[in-house]
Amino acid sequence: MKVTKLNYNRIARTYDFLSRIVFWGAQQKIQKGLIKWLKNGDNILIVGGGSGWILEEIAKLNLAKIKITYVEESSKMIQLTRRRQFQTSHVEIIQADIFELKIREKFDVIFTPFLFDHFNKEESQYLFEKLNKCANKSALWINTDFSLNSGAGKWWKKIYMAIIYIFFKWAIHIKNSELTELDPIIIKKGYSKLFEKYTYMNFIHGSIWQKE
Ligand SMILES: C[S@@+](CC[C@H](N)C(=O)[O-])C[C@H]1O[C@@H](n2cnc3c(N)ncnc32)[C@H](O)[C@@H]1O
């Protein structure tokens, strides 16, 4: 499937700063909590990791014999990632559009942090199914993204999400303008939810799923 190329190069240097200011560090905090589910020996696929700060956080966990495949589309984000200190982990960095990448390996963990909000329902479904094919039996899927679904404050979240999409339309030329809720897609593929957490006034959601 062909999806429109996003231009994260344009905001690569400022992305982390902006994210920390606008979301009060909630995007980073939720990911730091979710990676505590990683175990020694895990073979991990991270898609859309951005500037690579998450690799430094994983390295701090001192997990033995983990292997990370880090797929990121933006060449500037990849440059920033290569400057990071994550020597304790074995990391393979791949600059690619995940929709086009041929993946032959199987993984124990698939981590998609703030990735699926870029794609519409059809694209999300396609990508989920593609990545699901490289998930081992009993693999964990760690996902975090915005959510409109936690009950309270639906109206302001919709407005906030629309503003985010307007900014990203200008900044990275995103085409999508509607958040796809991933939970129904994950459930349909037979995953069970092990954990979930809401933060930032319940607008940011993290969840951990296990493949049956
Ligand atoms: C919103 S940023 C989040 C970055 C990081 N996960 C974080 O939380 O700091 C999304 C990242 O996904 C990457 N991305 C978007 N579409 C992608 C694709 N099709 N293939 C690979 N990476 C992609 C972007 O380049 C960007 O770095």
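**A look at the core**

Modeller: Starting at the N terminus, the elements of the protein chain come in the order α-α-β-α-β-α-β-β-α-β-α-α-β-β. That makes 7 helices and 7 strands. Keep in mind that this is a predicted model. The radius of gyration of the protein chain is 16 Å, close to the 17 Å that the globule rule gives for 212 residues, so the chain is as compact as a globular protein of that length. Along the principal axes, its C-alpha atoms fill a box of roughly 45 × 35 × 35 Å. Buried residues account for 33% of the 212 residues. If you take the contacts between residues at least 6 apart in sequence, 73% of them join residues at least 24 apart.

Now to the part you asked about. The largest nonpolar core has 37 residues, and the ones with the most contacts inside it are I44, I46, I68, V109, I110 and W141. Several elements each supply at least two residues of this core: the helices α2 (26-34), α3 (53-60) and α5 (121-132), along with the strands β1 (43-47), β2 (67-72), β4 (107-113), β5 (135-146) and β7 (204-211). Of these, β5 gives the most, with 6 residues.

Leaving aside its neighbours within four places in sequence, V109 is in contact with L38, D42, I44, A139, L140 and I142. One of those partners, I44, is also on the list of residues with the most contacts inside the core.

Once neighbours within four places in sequence are set aside, its contacts are T69, Y70, V71 and L101. The C-alpha atoms of I94 and V47 are separated by 9.7 Å, although the two residues are 47 apart along the chain.

There's a ligand to look at too. It is surrounded by 20 residues, the closest being Y8, G48, G50, E73 and I98. That shell divides into 10 nonpolar, 7 polar and 3 charged residues.

Last stop, helix α6 (residues 154-172). At 1.5 Å a residue, its 19 residues should span 27 Å, and the end C-alpha atoms are 26 Å apart, which agrees. Just after α6, H173 takes a positive phi of about 65°.

Notes
Residues numbered from 1 in each chain as written. Predicted model: local features only at pLDDT ≥ 70, side-chain atom pairs only at ≥ 80, totals over all residues. Helix = DSSP H or I, 4+ residues; strand = E, 2+ residues; numbered from the N terminus. Rg over C-alpha atoms; globule rule 2.2 N^0.38 Å. Buried ≥ 20, exposed ≤ 12 C-beta atoms within 10 Å, placed from the backbone. Contact = placed C-beta atoms within 7 Å. Near = placed C-beta within 6 Å. Nonpolar A, V, L, I, M, F, W, Y, C, P; charged D, E, K, R; others polar. Core = buried A, V, L, I, M, F, W, Y, C linked by C-beta atoms within 7 Å. Expected span 1.5 Å × (residues − 1).
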